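Thanks for coming. I will go through one model, overall build to begin with, then a single helix. Please have it up on your screens.

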Amino acid sequence: MKRERAAEATGVLGAWVSELDVASVPAAVLDRLALVVLDVVGVTALGASLPEQRALADAWNAPPGPAPLIGGGRLVTTDAAAWLNGVALVSLELDEGHKYAKGHPAAHGFPAVLALAAELDSAGADTAAALLAAYEVAARFGRATTLRAGAHPHGSWGVPGAAAGCARLLGLPPGAAAAAIDTAAGMGIAGHFDSATQGNPVRNAWLGASATSGLAAARMAVAGMARTTGTAALSLGTVLGEFEPEELTAELGTRWDITRGYFKRHASCSFTHPAADAVLDLRAHPAFRLDGITHVLVETHVLGAGLSDVDWSNRLSAMFSTPFVVATAALNGQVGPDSPLDDPDVQALASRVRLVEAGDLTTRLPAERAARVTVAFDDGTSLTREVPNPVGDADHHPLTESDLVEMLGKWLPAQIVERAAAFGHDLPGLPRVGAALRELAGTDEKELN
């Protein structure tokens, strides 16, 4: 019975989480963790600078506490920090992701773990282990889950990752850690992908909910109120889609999913990135002429074929529009968090972008998220470029620390980027993390108290 198999696999996963020790983690994995921490902190700080995010933090009216609003200039309660940092992290579509998990493992778990670590003033080694637990568990639940058509991955299969990381920070024994993970598997959100394409910010709130649900599940386990019953087979595997329990423990301890993720260089949905990369390559071709483009054909896989809207109402819906992303890349050479939404030239070119599914590209999923772009010109010529994965994928021009620092440095004060990089590097060896985390609010801790 699938539920019993899910309960057994969750038990194994809980034991692994409880016993995870960074001293036995390969150096390459810790190096990648440092990069993911840099990206998460930097992107969260960038999201926190948005006027709407500042307004949300003000509306939350959270009382002072031990946890930072990263880049937000204040310290608040643990749950408020987890929620608000989760929303900020995904608000500009720059957060790290994982093609095999089909979503964003770090975004689901890191805001909760970092907020709780600040509250507990945890040891750096325990915090690093908790972050790895959060990522690996979330990624495994993502691999195990096939959501129904139309479902968005935010806030669904990744909630167990947040619970796993919090369980590890709280020092829960194997059975309790498993119960926290199992409980979190029953707390997912049923969000529709169209909420993103229509520009509804509820899509960002699903990550805040993931963070606080993960905290709640771990606390329920501490209180003895959580049980391991194979909940994922019912919630993820019946209500929201299909679930394969064996994926939770496949190559456990030898395959580190955190090393197989991707970083983003465009502020847009990852499904739009290969097309943007192809256009940027073509833009450098001697025969490329902006003033002579008659139309652009973008061929993509089935997952990205629906992002064809040419009428975007806000930045969120624009970031899920391949025509917007392609036109912006072609005209401006980049798709950034400050790319204009109302540029008439972008709108005119976007109206000439056609997006279609190509069967040959769909068959290459999940190892490749490919796109093929053909730009046609008024003299009858055309240029075509195909890319197998977005730049920044672990399998295709992966981004280095210097790449991330340079990218984040375009949009953030140097001090924040330097602190983020240093925290990622120093984390496993820090005696305590509270002070270093509170510095990530964007100012000195003594100025916040």
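The protein chain has 20 helices and 8 strands, taken as DSSP runs numbered from the N terminus, H or I of at least four residues for helices and E of at least two for strands. Its radius of gyration is 21 Å, close to the 22 Å from the globule rule for 449 residues, so the chain is as compact as a globular protein of that length. That radius is taken over C-alpha atoms, and the rule is 2.2 Å times the number of residues to the power 0.38.

On provenance: this is a predicted model, where local features need pLDDT of at least 70 and side-chain atom pairs pLDDT 80 or more, while totals for chains, interfaces and linings use all residues. Residues are numbered from 1 along each chain as its sequence is written, and side-chain values use heavy atoms, without hydrogens or water.

Along the principal axes, the C-alpha atoms fill a box of roughly 70 × 55 × 40 Å. Of the 449 residues, 58% are buried, meaning under 20% relative accessible area, with exposed over 50% and partly exposed in between (1.4 Å probe, protein chains only).

Now helix 17, residues 401–409. Which of its residues are buried? Leu404, Met407 and Leu408. They cover an arc of only 95° around the axis, so they sit on the same side of helix 17; the arc is that of directions from the helix axis to the C-beta atoms. The buried residues pack against helix 2 (27–48) and helix 18 (414–426), contact being heavy atoms within 4.5 Å. On the face turned away from that buried side are Ser402 and Glu406, both exposed.
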